[in-house]
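Please look at the sequence and the structure shown below, and keep both at hand while reading this short report on selected side chains and rings.

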Amino acid sequence: MKLYSTNNKDLRVSFKEAVFNSMPQDKGLYMPVEIPQLDADFIENIEQYSLPEIAYKVASTLLKDEIPAEALKALIDEAISFEAPALKLDDKTFVLELFHGPSLAFKDFGARFMSRVMAYFLKDGEQLLDVLVATSGDTGGAVALGFLGVPNTRVTILYPEGKVSPIQELQLTTNGQNIRAIEVKGTFDDCQALVKQAFADDELNANFRLTSANSINISRLIPQTFYYFNTYAQLKKQGLQDVIFSVPSGNFGNIGAGLLAYKLGLPVKQFIAATNVNDTVPRFLETGIYEARPSTQTYSNAMDVGAPSNWIRIMDLFSDDVEALKKMVTSYRFNDEETLAGIKEIDSRFNYVACPHTAIAYLAIEKFRTKNPEDESAFVFLSTAHACKFPDIFPTDIAAKIEIPEQVTALEILPRHADKLNVDFNGFKHYLMDKA
Ligand SMILES: *Cc1c(COP(=O)(O)O)cnc(C)c1O
């Protein structure tokens, strides 16, 4: 697989180069030059395959010989080691649970695959890879748990003091091994600024092989296509073939992967991009004007994004043809009050507890159905995180139904450790140099 930059379609880089650079120098995003079609035969018989088998088929079709078959298989078996069930709520409504991985959020798919792809390319005596991440909660946990114990890598996570939930803090501070957590006396923006400054520092770059492992990395996008195919397989098994996916969206990586799956040959009728009041994309699809804005804080905070970083990938997939894009993608926004009402409705209708992000995807389905009453498709809304990660949002009667999964209870007995730093780049730099 060769990749170009969305800003320069003549550029050609290898998969390995795209994985370690994350972003081209011209600040575009890497995209595959060629998007091959999966065999019709495979799609025809897809319900006979398991999630890891589907993952291997999709990855090998896209990556070609960038990673040899046996190594790719082994890497996928290790990375995609948990289920992604599409739970049936009624005849035509399914919730796709993407939170059965170690950090209880769909970001595990991307982070685990990326960490193992990096480890694969680092095998032959290459320099230790230093991953620096700033997190407001979810990304840090997925990256920490994704890289935990992965040879030849070390992860340093900066998080803002007092601003991550108790479960998120457990996921950041109980790892040990090749993961270290730094509690910064400041905000998420301060953490991000420290990391950015580190990437720009000559001395640090001379001493370490730094990478950001952030959400625009192409190796995080690819594994997110797997569960769209796997869901289609699960529905096809039940005789349902017209499928509409509703995706709770912030940086638009998740739905971007869905659209990549569609371009790879996944039969899908429509995507719904569901957002909170950070509605840059729904506004764009309504008005044709793309205007990024500063983000607003909401209950669905992992979607508080005013300038969705993956949007240019989606435009690229549709060769900037907005009309073609609008045929495949509908987008709705919902505020916090509606989100809470959605959580209550899912609970009373299906006796199911959905996290706030998931509730927004559900609301978008209901809105689509109201506007398209004739549509007989099967609707799948993606559940991107386990409800226990957002304990403060729920009314007490619903909160009481939330079961804490064993991934979390297992952490509760472990010792916690975070180094503490002020918002001071020199302090951070000395920390990195001294603890090398
Ligand atoms: C990251 C995240 C999202 C948004 O996903 P994007 O790929 O950024 O659109 C939605 N829900 C949860 C729980 C997340 O962690």
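Over the face of which ring does K263 lie? K263 lies over the face of F318, at 4.3 Å from the ring centre, where a charge sits over a ring if NZ of Lys or CZ of Arg is within 6 Å of the ring centre and within 35 degrees of the ring normal.

The model is predicted, with local features needing pLDDT of at least 70 and side-chain atom pairs counting only at pLDDT 80 or more, while totals for chains, interfaces and linings use all residues. Residues are numbered from 1 along each chain as its sequence is written, and side-chain values use heavy atoms, with hydrogens and water left out.

**Aromatic pairs**

A pair of aromatic rings is described by the distance of the centres and the angle of the planes. Rings of Phe, Tyr and Trp (its six-membered ring) pair if their centres lie within 6.5 Å, and planes under 30 degrees apart count as stacked, over 60 as edge-to-face and the rest as tilted. By this rule there are 17 aromatic pairs, including the two in the table.

| Pair | Centre to centre | Angle of planes | Kind |
|---|---|---|---|
| Y228 and F245 | 5.0 Å | 80° | edge-to-face |
| F284 and W311 | 6.0 Å | 80° | edge-to-face |

Y228 lies in helix α10 (residues 218-237) and F245 in strand β10, so this pair ties together parts that are 17 residues apart in sequence; helices (H or I, at least four residues) and strands (E, at least two) are DSSP runs, numbered from the N terminus. F284 in helix α12 (residues 280-287) and W311 in helix α13 (residues 311-317) are 27 residues apart. Both Y228 and F245 are buried, which refers to under 20% relative accessible area, with exposed over 50% and partly exposed in between (1.4 Å probe, protein chains only). F284 and W311 are both buried as well.

**An asparagine in a loop**

N251 lies in the loop between β10 (243-248) and α11 (253-263), and at 28% relative accessibility it counts as partly exposed. Leaving aside residues up to four places away in sequence, N251 touches S215, V305, A307, P308, S309, N310 and W311, contact being heavy atoms within 4.5 Å. Although N251 and A307 are 56 residues apart in sequence, they are 7.4 Å apart in space, C-alpha to C-alpha.
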